[in-house]
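Try each task before reading its solution.

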Amino acid sequence: MKSRNTTRLVTAVLTFFVFLSLSGFSNCDHKKDPSLEPPAWPVWVHTHWVWENSGTQESTLNNINGFLDHGIPVGATIIDRPWATDSNTFIPDPALYPDLRDYVQLFHSMGIRVIMWATSIVNDTASNFQEGKDNGYFLSSGKTVPWWGGKGALLDYTNPDALNWWHGQMDNILDMGIDCWKVDGTDPFVMLLLPAIGFGGKYITWAEYRDQCYRDFFDYTRARLGKDRVIMARPVDDQVLKIGLPLVYTSRDINFAGWVGDNDNDWGGLKHALNNMFSSAQFNFVSYGSDIGGFRYDGNNYKDVFIRWAQLGALCPIMENGGNGEHRPWMFDDETLDIYRKYVFLHHELIPYIYSQAAYSYELDKPTMRPQAGIYTYLLGDDILVAPFYETGNDRTVVFPFGTWIYLWDESKEYSAGIRKINFPLSEFPVFIRKGAIIPMNVTNDATGYGTALSKDFTTILVYPEKGEKKFGLYEEMEKGSLISYVKNKNSLTLKSTPTKRSLLFRVYGEPVPQIVQSGSGIEFAKVSSMEELAALPCGYYVDGKITWIVLKDATAGAEIQVIL
């Protein structure tokens with residue numbers, strides 16, 4: 001008995017301090033309303049990306065078509081090295097990509113964005129190396145350094161002539177209309193020059209060089225092609241130069257499509273990715289992910305690691321899958337394929353939430369992934385709690401913060417603050433929604449259970465009402481967003497939206513069957529008996545067990561809906 005009481009006391013004390021440490025992450029600490037101004041990056045970066053470590057134009061297309069043929073959406077692809085005649089000649093290798101321009105156009109016609117690998121090192125074997133060295137376009141008079149892609153010199157960004165020369169070569173690819181550069185992490189090699197000397201004899205530090213490099217790829221590409229272009233770069237990684245410490249690469253104001261470096265394909269690699277993601281959160285980066293299934297390959301295919309990594313990827317701002325080894329889910333088995341497809345759909349459904357929370361987090365100088373007490377546990381934005389798997393087995397200990405947390409895959413399961421050990425089958429993942437939350441989603445089918453194909457013409461707004469007021473800033477690309485809110489009292493729930501071009505489908509969970517649903521001016525909404533009937537109406541509602549569905553197709557003048565309980 002004494003041992004049991006001691007255990008309870010220790011658990012209670014631990015729980016108290018866990019909750020104390022989490023208080024700073026709660027939504028109530030946010031002291032300003034969202035600006036709703038367009039974010040600095042496009043929505044497409046949050047789609048599902050697929051890629052190969054080394055490929056050809058045919059294998060890239062076959063890889064994409066493999067996912068599409070298996071019913072898995074694809075929003076972008078990375079054309080990784082080697083694709084050029086040598087590193088950073090910006091000339092496609094005719095043996096690998098003889099028709100790159102045509103393929104970029106083909107991918108765009110399929111709704112797929114194209115990301116091209118690049119760095120700022122020119123190898124001494126490259127066709128443009130001697131011209132750059134003869135004209136003084138490289139740091140330290142063209143001194144070369146060894147790196148994992150050969151031996152080369154680093155561009156001198158402080159030399160205006162060098163920059164014009166570099167941009168002229170980049171234009172060869174930018175003229176094809178690509179969408180993003182994957183700027184790989186070679187900038188730390190500037191430290192091997194000992195010292196790095198730029199234009200006019202200026203000494204260049206790594207901090208200066210990394211800012212010059214990434215910012216130039218970002219700024220010049222957007223100046224040429226528009227604000228829906230970005231760069232893909234590391235936020236934080238601890239691998240390059242192997243010095244054993246996390247290194248910060250890009251600045252948070254230009255890295256909106258980050259990935260956390262090269263990881264092994266086993267559990268150790270997944271944990272390494274989590275470590276780098278959590279380190280990136282410490283520096284308030286808002287949009288990054290990791291190579292699902294790992295970049296490196298040890299010759300083994302680990303089904304459980306791949307599935308748990310894909311599930312993690314779906315709950316990150318960036319979901320990208322590629323690297324060495326096998327990354328095609330259908331090549332594992334049908335179960336892996338089904339689970340993978342389901343979580344890609346979940347990620348795509350959550351894009352309005354992720355995009356908006358990343359934008360709001362950026363304004364607040366917070367990360368979108370917010371590490372919490374508990375091993376490898378984080379909040380995705382304000383209201384989604386994620387406890388990813390990091391080792392084999394289906395049991396996971398979850399530390400729940402203050403409040404009530406609703407299990408994503410079974411809303412009848414609710415958890416209060418505390419520490420719980422829960423079993424999750426391979427098809428499920430520890431994801432929980434805070435009671436009180438507003439979660440906007442793009443639902444296009446019934447894959448996750450949060451709607452059907454009838455939902456595709458609407459933005460589905462999940463509402464888990466709690467007494468009081470809740471606001472959510474729904475951000476839009478290239479235009480002002482809208483503020484979605486509710487006020488819940490004892491016998492009523494008022495839903496509101498500022499003007500939006502979106503057609504709204506509110507999904508209110510856990511409330512009594514309404515007596516009346518009406519507009520703010522008192523016009524009653526029709527009650528129907530099926531989703532098919534509801535989807536056909538300009539406004540109306542339908543009750544399905546604990547869920548009340550309310551549709552409003554035209555909210556261009558704003559909306560106010562009163563639900564009398």
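Keep in mind throughout that this is a predicted model.

**Exercise 1.** Find out how many cavities of 30 Å³ or more the whole structure holds, and describe the lining of the largest.

*Solution.* Start with the count: searching the whole structure gives four cavities of 30 Å³ or more. Next, look at the residues around the largest cavity, which include Asn 265, Tyr 297, Asn 300, Asn 301, Glu 326, His 327 and Phe 332. Finally, sort the lining of the largest cavity by class: five residues are nonpolar, six are polar and one is charged.

**Exercise 2.** Work out which classes of residue line the second largest cavity, and which elements give two or more residues to that lining.

*Solution.* The volume of the second largest cavity is about 40 Å³. Its lining is made up of Leu 315, Leu 346, Leu 350, Ile 384, Leu 408, Val 431, Ile 433, Ile 439, Met 441 and Leu 462. Two or more of these residues come from each of β21 (431–434) and β22 (438–441). By class, the lining has 10 nonpolar residues, no polar and no charged.

**Exercise 3.** Decide how helix α2 (residues 57–69) is oriented relative to helix α3 (residues 100–109), then list the residues that meet.

*Solution.* First take the geometry: the axes of α2 and α3 come within 11 Å and cross at roughly 10°. Angles under 35 degrees count as roughly parallel, so α2 is roughly parallel to α3. Then turn to the contact, where Gln 57, Glu 58, Thr 60, Leu 61 and Ile 64 of α2 meet Leu 100, Tyr 103, Leu 106 and Phe 107 of α3. Last, classify the contact: six residues are nonpolar, two polar and one charged.

Terms used
Residues numbered from 1 in each chain as written. Predicted model: local features only at pLDDT ≥ 70, side-chain atom pairs only at ≥ 80, totals over all residues. Heavy atoms only, no water. 1 Å grid on protein atoms, 1.4 Å probe; cavity = no way out; pocket = protein on both sides within 12 Å on 5 of 7 lines; lining within 4 Å. Points joined across faces, edges and corners; volume = space filled by probe spheres on them. Nonpolar A, V, L, I, M, F, W, Y, C, P; charged D, E, K, R; others polar. Helix = DSSP H or I, 4+ residues; strand = E, 2+ residues; numbered from the N terminus. Axes fitted to C-alpha atoms, helices over the stretch in contact; angles between N-to-C directions. Parallel < 35°, antiparallel > 145°, perpendicular 65-115°, else oblique. Contact = heavy atoms within 4.5 Å.
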